[in-house]
Amino acid sequence: MAFTLPPLPFSSDALEPHISAKTLGFHHGKHHAAYVNKLNELVGAGPLANKSLEEIITATANKADQAAVFNNAAQVWNHTFFWSCLKANGGGAPTGVLADKIKAAFGSVDKLKEELKNAAVGQFGSGWAWLVQDGNSLKITKTANAVNPLSQGQNALFTVDVWEHAYYLDYQNRRPDFVQTVLDKLLNWEFVAQNLK
Ligand code: MN3
């Protein structure tokens, strides 16, 4: 069965003024859609055709001859995950078990945000910054291009897309401002908490 582009979990203007409807129109409607279309083209009726997205990602990770399939599958997954990490009137502070785990791993929510921002800003070129659960502890990581925690045996809790297409229309070269805005204004802590295992 072919993969389909999941709809955004909010209207395309819901994140204004922080992320414009124009950015989401291109980012979801063109970039995310293109990864879905390319994945379907690559998988076709081949041996991966009946696998889930997650199965395709783990089966093709770190295999040079499967790089195109991996890149498109992972980018489909990464973007769907990223949209759920965002919401209108997000930000604020986490609660419950997630708040406890953040305090244990980073000392405070502000410190976590500082480390996430450093990872996002420090990612050279295209990629992603992540909050992950690795075993029982929380960590900040960054990955290049399409690479994600799934392909590294880690459980993803939150991500921010730092490919230029994620912010250039709204922030031009100001990646740090984009990341800070996502963390302060759009971060969907309820979704992050749901991802804890
Ligand atoms: Mn993107």
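Me: What should I know about the model and its numbering?
Reply: Residues are numbered from 1 along each chain as its sequence is written, and side-chain values use heavy atoms, with hydrogens and water left out. This is a predicted model, in which local features need pLDDT of at least 70 and side-chain atom pairs count only at pLDDT 80 or more, while totals for chains, interfaces and linings use all residues.

Me: Are His27 and His79 buried or exposed?
Reply: His27 is buried, at 2% relative accessibility, and His79 is buried at 0%. Buried means under 20% relative accessible area, exposed over 50%, and partly exposed in between (1.4 Å probe, protein chains only).

Me: Changing topic, how many salt bridges does the structure hold?
Reply: There are 6, a salt bridge being a side-chain nitrogen of Lys or Arg within 4 Å of a carboxyl oxygen of Asp or Glu. One of them joins Lys87 and Glu190 at 3.0 Å, N to O. That pair links distant parts of the chain, 103 residues apart: Lys87 is in the loop between H3 and helix H4 (96-106), and Glu190 is in helix H8 (residues 189-194). Lys87 is partly exposed at 27%, and Glu190 is partly exposed at 46%.

Me: What does Lys139 pair with?
Reply: Its side chain meets that of Asp134 in a salt bridge of 2.7 Å, N to O. Lys139 has a relative accessible area of 35% and is partly exposed; Asp134, at 26%, is also partly exposed.

Me: On to the sheet. In what order do the strands lie?
Reply: The order is S2-S1-S3, in an open sheet of 3 strands with antiparallel pairing. The edge strands, each pairing on one side only, are S2 (137-144) and S3 (155-161). From one strand to the next the twist averages 20 degrees. Strand S1 (residues 127-134) is joined to S2 by 8 bridges, and two strands pair if DSSP finds at least two bridges between them.

Me: Which helix packs on the sheet, touching S1, S2 and S3?
Reply: Helix H5 (residues 109-122) does, and its direction makes about 15 degrees with that of S2. H3 lies across S1 and S3, at about 85 degrees to S3. Contact means heavy atoms within 4.5 Å. Axes are lines fitted to C-alpha atoms, for helices over the stretch in contact, and angles run from 0 to 180 degrees between N-to-C directions.

Me: Lastly, which residues are buried in helix H2?
Reply: In H2 (residues 53-60), Leu53, Ile56, Ile57 and Thr60 are buried. Seen down the axis of H2, its buried residues fall within an arc of 100 degrees, so they line one face of the helix; the arc is that of the directions from the helix axis to the C-beta atoms. H1 and H3 are among what covers them.

How values were computed. Helices (H or I, at least four residues) and strands (E, at least two) are DSSP runs, numbered from the N terminus.
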